[in-house]
Amino acid sequence: STEARIESERTSSVLLLAGGVAHELGNPLNSLTIHLQLVERKLKKLRAAERETESIAQSIQVCRDEVKRLDGIITNFLEAIRPRPPNLGEVRLAELLDEVLTFQHRELADRGIAVEVETEAELPVVMADRDQVKQVFFNLVKNAAEAMQPGGRLKIRSWADDENVHLAFADSGAGIKQDDLTRLFQPYHTTKSGGHGLGLMIVQRILHEHGGQIGIESKEGIGTVVTIHLPRRDRRVRMLKN
Ligand code: ADP
Ligand code: MG
């Protein structure tokens with residue numbers, strides 16, 4: 001049945017996530033083990049040599065950093081798997097986008113990135129979870145910003161047709177390699193040194209839960225266009241009447 005299939009897809013994506021988390025936890029756990037052993041050994045020698053205390057302090061600092069890293073991994077993981085059905089309400093996407101851009105203004109300015117927004121005056125209302133759509137906008141703007149150099153341009157355009165409201169985020173960033181295009185939504189796929197590779201997975205999941213979609217087109221060295229589609233509030237009603 002469809003339900004069973006959806007359930008098994010969910011289970012396998014959770015397993016994939018869990019596998020990624022287990023893999024990421026390996027390094028900090030290893031480091032914690034080694035440094036705790038060092039501390040233990042050095043404490044035994046401490047009575048003999050007073051200067052060992054400095055090295056013990058260093059090991060304690062490493063352990064602190066690793067605990068912080070573990071905490072970050074776990075927090076991200078929980079955020080990614082948390083089953084939270086959308087809490088639907090009427091959302092004006094142009095206003096929401098404004099809020100997110102205001103929130104990210106500082107970071108965009110620091111990176112030397114100009115943002116241009118072009119929205120249809122009468123953009124239809126959508127039924128959506130405000131916080132989740134905010135997270136979608138936030139992640140897409142962040143990814144665009146991270147792909148660009150100072151002087152980069154992010155152009156956000158929105159329009160509607162009979163069924164959907166569409167938003168396109170076009171950046172003048174580095175673009176995406178052909179090989180990577182198929183992996184964008186996989187958990188833990190990242191090309192960034194400090195990346196978590198969960199942003200687009202979360203974005204896709206939120207859109208699907210809203211009956212929406214996402215598409216990505218990219219040219220290396222030219223830029224990337226991420227387009228999202230959300231059903232209009234009145235769509236379902238119209239379909240039922242017909
Ligand atoms: P993260 O940002 O933590 O790496 P994401 O899931 O948000 O994870 O993105 C996954 C990968 O997709 C990024 O590492 C990057 O390689 C690529 N990507 C996403 N958005 C863009 C973009 N606008 N331009 C170029 N590459 C992008
Ligand atoms: Mg990201």
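The legends below describe several views of one predicted model, a protein chain with a ligand.

Residues are numbered from 1 along each chain as its sequence is written, while chains are lettered from A and ligands numbered from 1 in the order in which they are written. In this predicted model local features need pLDDT of at least 70 and side-chain atom pairs count only at pLDDT 80 or more, whereas totals for chains, interfaces and linings use all residues.

View 1. Helices (H or I, at least four residues) and strands (E, at least two) are DSSP runs, numbered from the N terminus. Along the sequence their pattern is α-α-β-α-β-β-α-β-β-α-α-β-β-α. The radius of gyration is 23 Å, well over the 18 Å that the globule rule gives for 242 residues, so the protein chain is more spread out than a compact globule. This radius is taken over C-alpha atoms, and the globule rule is 2.2 Å times the number of residues to the power 0.38. The C-alpha trace spans about 85 × 50 × 35 Å along its principal axes. Of the 242 residues, 22% are buried; a residue is buried if 20 or more other C-beta atoms lie within 10 Å of its own, exposed if 12 or fewer, and partly exposed in between, with C-beta atoms placed from the backbone.

**View 2. Helices H4 (residues 130–147) and H6 (residues 199–209).** Two packed helices are described by the angle between their axes and the distance between the axes. Here the axes come within 9 Å and cross at roughly 145°; they are lines fitted to C-alpha atoms, for helices over the stretch in contact, and angles run from 0 to 180 degrees between N-to-C directions. Gln132, Gln135, Val136, Asn139, Leu140 and Asn143 in H4 meet Gly199, Ile202, Val203, Ile206 and Leu207 in H6, where contact means C-beta atoms, placed from the backbone, within 7 Å. By class, this contact has six nonpolar, five polar and no charged residues. Ala, Val, Leu, Ile, Met, Phe, Trp, Tyr, Cys and Pro count as nonpolar, Asp, Glu, Lys and Arg as charged, and the others, Gly among them, as polar.

**View 3. The buried residues of H6 and what covers them.** Gly199, Leu200, Met201, Ile202, Val203 and Ile206 are the buried residues of H6. Their cover includes helix H2 (52–81), H4 and strand E6 (213–219). Just after H6, glycine 211 has a positive phi of about 75°.

**View 4. The shell around ligand 1.** The ligand is surrounded by 22 residues, the closest being Asn143, Ala147, Thr190, Gly195 and Gly199; a residue is near the ligand if its C-beta atom, placed from the backbone, lies within 6 Å of it. H4 and H6 are the elements that give two or more residues to this shell, and H4 gives the most, with four residues. The shell has eight nonpolar, twelve polar and two charged residues.

**View 5. Tyrosine 188, in the loop between helix H5 (178–181) and H6.** Most residues other than glycine have a negative phi. Phi of tyrosine 188 is near 75°, a positive value. Tyrosine 188 counts as buried because it has 20 C-beta neighbours inside 10 Å.

**View 6. Arginine 232, in the loop between strand E7 (223–231) and helix H7 (235–241).** Arginine 232 has 19 C-beta neighbours inside 10 Å and so counts as partly exposed. Leaving aside neighbours within four places in sequence, arginine 232 is in contact with Pro124, Val126, Ala160, Glu163, Asn164 and Val165. Its C-alpha atom is separated by 8.8 Å from that of aspartate 161, 71 residues apart along the chain.

Notes. Contact = placed C-beta atoms within 7 Å.
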